[in-house]
Amino acid sequence: MELELEPLRLPSDTERPFVIAGPCSAETEEQVMETARLLAMKGCRMFRAGVWKPRTKPGGFEGNGEKALPWLVRVKQETGMLVATEVATPEHIELALKYGIDILWVGARTSANPFAMQAMADALKGVDIPVFVKNPVNPDLELWIGAMERINQAGIKRMAAVHRGFSSYDKKIYRNLPMWQIPIELHRRIPELPMICDPSHIGGRRELIAPLCQQALDLGFDGLLIESHCDPDKAWSDAKQQVTPDVLDYILSLLVVRSETNTTEGIAVLRKQIDEIDNQLMELLAKRMRVCREIGQYKKEHNMTVLQSARYSEILDKRGAQGSLCGMSPEFATNVFELIHGESVRQQMEIINK
Ligand SMILES: C=C(O[C@@H]1C=C(C(=O)O)C=C[C@H]1O)C(=O)O
């Protein structure tokens, strides 16, 4: 199903990137107002703050709930910024609408749950408000699209996808792995859907915000959702990934904004070369598959298994090392050969079972 979308019509729609900034959580009225004032002074026009906080484990600060909504109303009145908050249940939606919150977003744990998404979609029927949907915690593009389809089917046309990275056991560099290929594929499938990057949750650390923002812009993202706190080290949640409005302003000032349109002759010539190389790659792959089918025939006649693990490992090791030598990542080279091997095995299976 295609999404039926309308432009977001946010104040900084025409700027790229548009920025939504604010603390992870609305902790106190003073902290909310102080952060909002500083951000507004830096030219920020959209403010975010979590009121209901889904925490991984119990015992942490789970948000102030309804009590914090009037603080966001004050932010709106005193700074003129639009205000955004996360909703996870129909009751949250009802309250957010009651207080006049301007933008809603659905978090990663909620978008992973079709029942929760449907309940929220039902609560949004007949409402016109921008809704941003973060990717589900697990790297499942269909689940992400499905979550957005439910909201869209309820009549919400002003939507955006928020890329906040994917959970993994390995947290060496990122808190949530960026796996850029997933938002890239989403953009290929639904080009008119605005894409927002949340570098705070991908990185989990302040130092990673700037490079992640630049990567997002280089990939053509439309907006950034960034956590900013007037006193980040004292934040009640996600302290390590929040920056002061001053630092945020500095990070944004360094970003290089590139445009997706190509106007130069030069790139057309280079793309011709790419097309020619891709042709050769496909022909070579077809040639390799023909040899694999011959091997399949041989295996059938000699009653051998299709999968030959030792040979497969040898190929992965050899081509991984070769990839490194040629300036590619070894994982890339092994991934390519894993895919080739998969197709080779599939074709031999067909022959052996004929
Ligand atoms: C082609 C063969 O069959 C399978 C496919 C391989 C490949 O595509 O390179 C390697 C090992 C086998 O698992 C083979 O046995 O050599």
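This is a predicted model: local features need pLDDT of at least 70, side-chain atom pairs count only at pLDDT 80 or more; totals for chains, interfaces and linings use all residues.

Modeller: I start at Val-133, which touches Val-106, Ser-111, Ala-147, Met-148, Ile-151, Met-159, Ala-161 and Val-162, leaving aside residues up to four places away in sequence. Val-133 belongs to the largest nonpolar core, a set of 66 residues. In soluble globular proteins, nonpolar side chains tend to be buried together.

The helix α6 spans 141–153 and is also one of the elements against which the buried residues of α5 pack. The others in that list are β3 (82–87), α3 (90–98), β4 (103–106) and α4 (108–111). Helix α5 itself runs over residues 114–123, and its buried residues are Met-117, Met-120 and Ala-121. Viewed down the axis of α5, these buried residues lie within an arc of 105 degrees, so they line one face of the helix. On the face turned away from the buried side, α5 carries the exposed residues Phe-115 and Asp-122.

The domain assignment gives domain 1 as 18–254 and domain 2 as 265–352. Taken over C-alpha atoms, the centres of domain 1 and domain 2 are 41 Å apart.

I turn next to the ligand. Around the ligand are Cys-292, Ile-295, Leu-307, Gln-308, Arg-311, Tyr-312, Ile-315, His-341, Ser-344, Val-345 and Gln-348. By type, the shell consists of 6 nonpolar, 4 polar and 1 charged residues. At least two residues of the shell come from each of α11, α12 and α13 (330–352). The most comes from α13, which supplies 4 residues.

Between α11 (265–301) and α12 (309–325) there is a loop, and Thr-305 lies in this loop. Is Thr-305 buried or exposed? Thr-305 counts as exposed because its C-beta atom has 9 C-beta neighbours inside 10 Å; the limit for an exposed residue is 12 or fewer. The C-alpha atom of Thr-305 is 9.1 Å from that of Ile-352, although the two residues are 47 residues apart along the chain. Asn-303 is found in the loop between α11 and α12 as well. Asn-303 is exposed, with 7 other C-beta atoms within 10 Å. The phi of Asn-303 is positive, about 55 degrees, although Asn-303 is not a glycine.

The segment before β1 has backbone features of its own. Arg-9 has its place in this segment and has a positive phi near 55 degrees, in a residue other than glycine. With 9 C-beta neighbours inside 10 Å, Arg-9 counts as exposed. Pro-17 is placed in the segment before β1 too, and the peptide bond from Arg-16 to Pro-17 is cis, with omega near 5 degrees. Most residues other than glycine have a negative phi, and most peptide bonds are trans.

Last, the chain as a whole. Its secondary structure comes to 13 helices and 8 strands. Buried residues account for 34% of the 354 residues in the chain. Among contacts with a separation of 6 or more, 70% join residues 24 or more positions apart. Along the principal axes, the C-alpha atoms fill a box of roughly 80 × 45 × 40 Å.

Definitions and conventions:
Residues are numbered from 1 along each chain as its sequence is written. A residue is buried if 20 or more other C-beta atoms lie within 10 Å of its own, exposed if 12 or fewer, and partly exposed in between; C-beta atoms are placed from the backbone. Domain bounds come from an automatic or database domain assignment. A residue is near a molecule or strand if its C-beta atom, placed from the backbone, lies within 6 Å of it. Ala, Val, Leu, Ile, Met, Phe, Trp, Tyr, Cys and Pro count as nonpolar, Asp, Glu, Lys and Arg as charged, and the others, Gly among them, as polar. The arc is that of the directions from the helix axis to the C-beta atoms. Two residues are in contact if their C-beta atoms, placed from the backbone, lie within 7 Å. A nonpolar core is a set of buried Ala, Val, Leu, Ile, Met, Phe, Trp, Tyr and Cys residues joined through C-beta atoms within 7 Å.
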